[in-house]
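Here is a short report on one protein model. Keep the structure open and find each part as you read.

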Amino acid sequence: MGLAFDAGGVLWVTGGTLYERPGFIWRVERSGAVRQWCELPDATFMNGCTMHPNGRTLLACESTSGHILAIDLDQPGRWDVWLQGDRLRPLVPKWPGSNGIKVRQGWAWITVSGRRLLVRVPINPDGSAGAIEIAVARLSADDFAFGMSGSLYITTHPEHTLVRIDPSGVRTTLAGPEQGMVGSTACAFGIAPGDEQALYVTTDGGFLIPHESGIQDAKLVRMEIGESGWPLLQGV
């Protein structure tokens, strides 16, 4: 469900059987070797994840409870609840609460799909989370990526679109079903030379929430955005 690289190139993965206990964190080495790192006994809907600025902790969304979990990347099996609150929990059973998470300039930004919110929390000097603030309301947000300008690029899953929110708050729909956004779930900027201004969007083709035209093939869609993405590790 969630993927994040650390500074050493190790891939950290969240997942499990949807709506069933437990959830898991896996470590994938650069060689491709896979190791179960952590079992989360009460987790039934593991989701997006990102690196904490300390570089030694993975922040992972558990969408049923809405909790943001802090996974210790130095010692297998160690974890804690980093953030919790009413604004992170879903309103409708089986809809995700906290879903996507990214860190930028000392703040953790979190989509709360089941409440149609994007919230943010400051990361305190000791690494703990501050108070939850509503950043954007009335937004069906799944995953997202930051551009260098501070603009947010957001996949809206049930609404089958890709939306940009400028730092001023202006919303623009960049793509819809006609551009392959049926079931848009996650997005990330390219990082290869010459690919930095491309945004890659994964879709499920409407498998969970069909579009009026019916279920389509899942896709990986590439779009030229006109700006580069914010680095996921440097200057978080």
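## The largest cavity

The lining of the largest cavity consists of Met1, Gly15, Gly16, Thr17, Leu18, Glu20, Pro22, Gly23, Ala43, Thr44, Phe45 and Met46. Bear in mind that this is a predicted model. By class, the lining has 6 nonpolar, 5 polar and 1 charged residues.

The space inside the largest cavity is about 50 Å³. How many cavities of 30 Å³ or more does the structure hold? The count is 1.

Look at strand S3, residues 23–28. Of its 6 residues, 5 are buried, so S3 is largely enclosed by the rest of the structure. Buried here means under 20% relative accessible area.

Strand S2 covers residues 11–16 and runs antiparallel to S3, joined by 6 bridges. The hairpin of S2 and S3 has 6 residues between the strands. There, tyrosine 19 takes a positive phi near 70°.

S3 also joins strand S4, residues 34–40. This pairing is antiparallel too, with 6 bridges. Glycine 23 stands opposite leucine 40 in S4. Glycine 23 is also part of the lining of the largest cavity. The hairpin of S3 and S4 has 5 residues between the strands. In this hairpin, glycine 32 has a positive phi near 100°.

## An open sheet

Now move along the chain. Which order do the strands of the open sheet of 4 strands have? The order is S9-S10-S11-S12, and the pairing is antiparallel. Strand S9 (98–104) and strand S12 (133–137) are the edges. Each has a single partner strand, so one side of each has no neighbour in the sheet. On average, neighbouring strands of this sheet are turned by 25° against each other, direction ignored.

Strand S11 spans residues 117–122. S11 and S12 run antiparallel, and 4 bridges join them. Leucine 117 has alanine 137 as its bridge partner in S12.

In a regular strand, side chains alternate between the two faces of the sheet.

## The second largest pocket

Finally, turn to a pocket. The second largest pocket has a volume of about 210 Å³. It is lined by 13 residues. Closest to its centre are Trp109, Leu152, Ile165, Asp166 and Pro167. What classes make up the lining of the second largest pocket? There are 7 nonpolar, 3 polar and 3 charged residues.

Key. Residues numbered from 1 in each chain as written. Predicted model: local features only at pLDDT ≥ 70, side-chain atom pairs only at ≥ 80, totals over all residues. Heavy atoms only, no water. 1 Å grid on protein atoms, 1.4 Å probe; cavity = no way out; pocket = protein on both sides within 12 Å on 5 of 7 lines; lining within 4 Å. Points joined across faces, edges and corners; volume = space filled by probe spheres on them. Nonpolar A, V, L, I, M, F, W, Y, C, P; charged D, E, K, R; others polar. Pairing = 2+ DSSP bridges. Helix = DSSP H or I, 4+ residues; strand = E, 2+ residues; numbered from the N terminus. Axes fitted to C-alpha atoms, helices over the stretch in contact; angles between N-to-C directions. Buried < 20%, exposed > 50% of the residue type's maximum accessible area, 1.4 Å probe, protein only.
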